[in-house]
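Here is a set of exercises to work through with the model open beside you. Try each task first, then compare your steps with the solution.

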Amino acid sequence: MERAKRVLREAAGRLAAAGIADEAVAEFEPATRRLGIPRRARLRPVGRGWRLGVLLLSADGGVRATGAVTRAVPPGHPGHMAVSTEERREVRAAAFRAFPQGATVNYDAPVVPLTAEALRDGTGPLLLRDDGVRVRWSLSAGDDAARDLESYVAERVGLLLDPPRGAT
């Protein structure tokens, strides 16, 4: 576990030192009514992080599972479309109210506890096996396809530090 924590801290340090832009991380709070007064849905800022595939890495080496993502852009007007379209519009509106225009906002990204117990029994992107911490790069691929954390993070950090030609 200590090796995994060191790998994550060093990766965060490399990204910060290189000036790689991080992204906002927030928790979505749906619209509610309190004492009969309606409250709009909101995205409550909880931190910042770099998206490394299925992981969101914070500056201190903490990790979240990548959740959903939106941009802080004007949401437009309700179009009486599909429910899922209106839900995405509501999230965009919440992002637009809480973050600078154009910002990328990650939300519904649960914290991944970096403890042996949690990773041994967990179903998230990180798992602990005899040979160390591994990354489920795809939750549908199964545990046998999990990659070594160190090589996974090195590859993802490398892509951020030196993106392929033509990548934006």
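**Exercise 1.** Find the residue that stands opposite R134 in strand 11.

*Solution.* Step 1: R134 stands opposite D148 in strand 11. Strands here are DSSP runs of E with at least two residues, helices are runs of H or I with at least four residues, and both are numbered from the N terminus.
Step 2: Strand 10 and strand 11 pair in the antiparallel sense over two bridges. Two strands count as paired if DSSP finds at least two bridges between them.
Step 3: Now widen the view to the open sheet of three strands, which has the order 9-10-11 with antiparallel pairing. Its edge strands are strand 9 (126–129) and strand 11 (147–148), each pairing on one side only.

A note on the model: it is predicted, so local features need pLDDT of at least 70 and side-chain atom pairs count only at pLDDT 80 or more, while totals for chains, interfaces and linings use all residues. Residues are numbered from 1 along each chain as its sequence is written, and side-chain values use heavy atoms, leaving out hydrogens and water.

**Exercise 2.** Which residues line the largest pocket, and which element gives the most to the lining?

*Solution.* Step 1: The lining consists of M1, R3, A4, V7, L128, D131, G132, V133, D148, L149 and E150. A pocket is an open set of points on a 1 Å grid over the protein atoms alone, where a 1.4 Å probe fits and protein lies on both sides within 12 Å along at least five of seven lines; lining residues have an atom within 4 Å of a point.
Step 2: Sort the lining by element: helix 1 (2–17), strand 10 (132–135) and helix 4 (149–161) each supply at least two residues. Helix 1 gives the most, with three residues.
Step 3: The space in this pocket is about 160 Å³, a volume filled by probe spheres set on grid points that are joined across faces, edges and corners.

**Exercise 3.** Follow strand 4 to its partners: over how many bridges does strand 4 pair with strand 1, and over how many with strand 5?

*Solution.* Step 1: Strand 1 (residues 23–29) and strand 4 (residues 42–52) pair in the antiparallel sense over seven bridges. In this pairing, E29 stands opposite R42 of strand 4.
Step 2: Strand 4 also pairs with strand 5 (residues 55–57), again in the antiparallel sense, over three bridges. Here R51 has L56 of strand 5 as its bridge partner.
Step 3: Look at the turn of this hairpin, where two residues lie between the strands and G53 takes a positive phi near 65 degrees.

**Exercise 4.** Is T70 buried or exposed, and what does T70 touch?

*Solution.* Step 1: Locate T70 in strand 7 (residues 68–71).
Step 2: T70 is buried because its relative accessible area is 10%; buried means under 20%, exposed over 50%, and partly exposed in between, with a 1.4 Å probe and protein chains only.
Step 3: Leaving aside residues up to four places away in sequence, T70 touches L43, V91, R92, A95, A103, T104, V105 and Y107. Contact means heavy atoms within 4.5 Å.
Step 4: Turn to helix 2 (residues 83–98), whose buried residues are R89, V91, A93, A94 and A95. They pack against strand 1, strand 4, strand 7 and strand 8 (104–107).

**Exercise 5.** Where is D60, and which residue does its side chain join in a polar contact of 2.4 Å?

*Solution.* Step 1: D60 sits in the loop between strand 5 and strand 6 (63–65). D60 is exposed, with a relative accessible area of 60%.
Step 2: The polar contact of 2.4 Å joins the side chains of D60 and S58. Such a contact is a pair of N or O atoms within 3.5 Å; within protein, one must be able to donate a hydrogen and the other to accept it, and residues adjacent in sequence count only if both atoms are side-chain atoms.
Step 3: The D60 side chain also reaches the backbone nitrogen of G62, at 2.9 Å.

**Exercise 6.** What is the phi of L35, and in which loop is L35 found?

*Solution.* Step 1: Start with a general rule: most residues other than glycine have a negative phi.
Step 2: L35 has a positive phi near 55 degrees and is not a glycine. L35 lies in the loop between strand 2 (32–34) and strand 3 (37–39).

Notes
The expected span of a helix is 1.5 Å times one less than its number of residues.
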